[in-house]
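Colleague: Before using this model I would like to go through some of its local geometry. Please show it first.

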Amino acid sequence: MSIQLIKDDAPSWSEIYDWYTDLEAPFTAAQVEALGLRGDQTVVDIGAGSGRLTIPMARKAASVTAIDVLPGLLDRLRQRAQREGLSNIRTANLDWRTIEPARDLDRHDVVVASRFDGIEDLMKLDAAANQRVCLLIFSGPSTGALHRALLQGIVREAVEPQVLQPGFTTIFNDLCDLGLDPNVLHIMDGFTRSYANVDEAVEDFAWILPDASFAFNLRRNLEQFLTPDEKGVRFLFRTRSTLLFWDK
Ligand SMILES: C[S@@+](CC[C@H](N)C(=O)[O-])C[C@H]1O[C@@H](n2cnc3c(N)ncnc32)[C@H](O)[C@@H]1O
């Protein structure tokens, strides 16, 4: 097996996020289904990124406003929307921390904040919604945890303690304290892809390596997530997401 790595071509953060988004795609439909969107509803996706959920939500709702603080991610989102022929997505390059609902942002029927670590003010989310607020949170290992698992023994930071976001139980308790009475739905989640053989899997993940000489370590790290399937081998990293939602 030979792995070509040209570090000048190392993927950007948004390319990495999109790569994981594709790996998660078989599980994403269940997350969107759980939101219970209707075709007459307007949605705002806060911290939309490059549109992991915005795109599938736009297929179900009347329209989606995607807010993100990073303009580069919104550029990617618009490109994806165009490729998918979706014309009901509007993007807004805004910082949620400085937004005042009603003044800077029209109320939307449904407010969605997924894997968004800038929530802080839960009542502000409530104020932005006409009908429903949905918070989607990893309640199993996150994308970052997967990334670190693949880099064990390769990059020192992979074993250093990471700053954890407040878990869903903390947010659940805060919502209860505020009298918002959230519903809780656990959703099976994961990252998966099939390959002809282990070499092809290692090749696909090789962009993660700081240096091609670590290919052996990567193979060892990957093997724990590979099982035979009809195509050859299947990579599967299981996790879980939890949806907290309340109606108004
Ligand atoms: C982990 S990503 C989640 C993307 C997407 N919601 C998903 O579920 O895949 C978090 C996103 O929130 C954005 N973000 C972080 N702080 C923000 C803020 N204060 N205002 C708006 N967007 C923010 C980041 O730029 C990033 O795109």
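Modeller: A residue counts as buried if 20 or more other C-beta atoms lie within 10 Å of its own, as exposed if 12 or fewer do, and as partly exposed in between, with C-beta atoms placed from the backbone. The model is predicted, and local features need pLDDT of at least 70, side-chain atom pairs count only at pLDDT 80 or more, and totals for chains, interfaces and linings use all residues. Residues are numbered from 1 along each chain as its sequence is written.

Colleague: Is Asp181 buried or exposed?

Modeller: Asp181 sits in the loop between helix 6 (168-177) and strand 6 (183-195); helices (H or I, at least four residues) and strands (E, at least two) are DSSP runs, numbered from the N terminus. Its phi is positive, about 50°, although Asp181 is not a glycine. Because Asp181 has 9 C-beta neighbours inside 10 Å, it counts as exposed.

Colleague: Which loop holds Ala102?

Modeller: Most residues other than glycine have a negative phi. Ala102 has a positive phi of about 80° and is not a glycine. With 10 other C-beta atoms within 10 Å, Ala102 is exposed. Its place is the loop between strand 3 (89-93) and strand 4 (108-114).

Colleague: At what angle do helix 7 and helix 8 pack?

Modeller: Two packed helices are described by the angle between their axes and the distance between the axes. Axes are lines fitted to C-alpha atoms, for helices over the stretch in contact, and angles run from 0 to 180 degrees between N-to-C directions. For helix 7 (residues 198-205) and helix 8 (residues 215-223), the axes are 10 Å apart and the angle is about 110°.

Colleague: Which term describes how helix 7 lies relative to helix 8?

Modeller: Angles under 35 degrees count as roughly parallel, over 145 as roughly antiparallel, 65 to 115 as roughly perpendicular and the rest as oblique. With an angle of about 110°, helix 7 is therefore, relative to helix 8, roughly perpendicular.

Colleague: How many nonpolar residues are in the contact of helix 7 with helix 8?

Modeller: Val198, Ala201, Val202 and Phe205 in helix 7 meet Ala215, Leu218, Arg219 and Leu222 in helix 8, where contact means C-beta atoms, placed from the backbone, within 7 Å. Ala, Val, Leu, Ile, Met, Phe, Trp, Tyr, Cys and Pro count as nonpolar, Asp, Glu, Lys and Arg as charged, and the others, Gly among them, as polar. The contact has one charged residue, no polar ones, and the nonpolar count is seven.

Colleague: How many residues surround the ligand?

Modeller: A residue is near a molecule if its C-beta atom, placed from the backbone, lies within 6 Å of it. The shell divides into eight nonpolar, four polar and five charged residues. The closest are Gly47, Gly49, Arg52, Trp96 and Ser114, and the total is 17.

Colleague: Which residues does Pro56 touch, beyond those up to four places away in sequence?

Modeller: Pro56 is found in helix 2 (residues 54-58). It is buried because 21 other C-beta atoms lie within 10 Å. Leaving out residues up to four places away in sequence, Pro56 touches Thr28, Ala29 and Val32.

Colleague: How far apart are the C-alpha atoms of Trp19 and Phe205?

Modeller: Trp19 belongs to helix 1 (residues 13-35) and is partly exposed, with 17 other C-beta atoms within 10 Å. Along the chain, Trp19 and Phe205 are 186 residues apart, and their C-alpha atoms are separated by 9.9 Å.

Colleague: Where is Thr42, and which residues does it touch outside four places in sequence?

Modeller: Thr42 lies in strand 1 (residues 42-46). It is partly exposed, with 18 other C-beta atoms within 10 Å. Not counting residues up to four places away in sequence, Thr42 touches Ala61, Ala62, Ser63, His108 and Asp109.

Terms used. Two residues are in contact if their C-beta atoms, placed from the backbone, lie within 7 Å.
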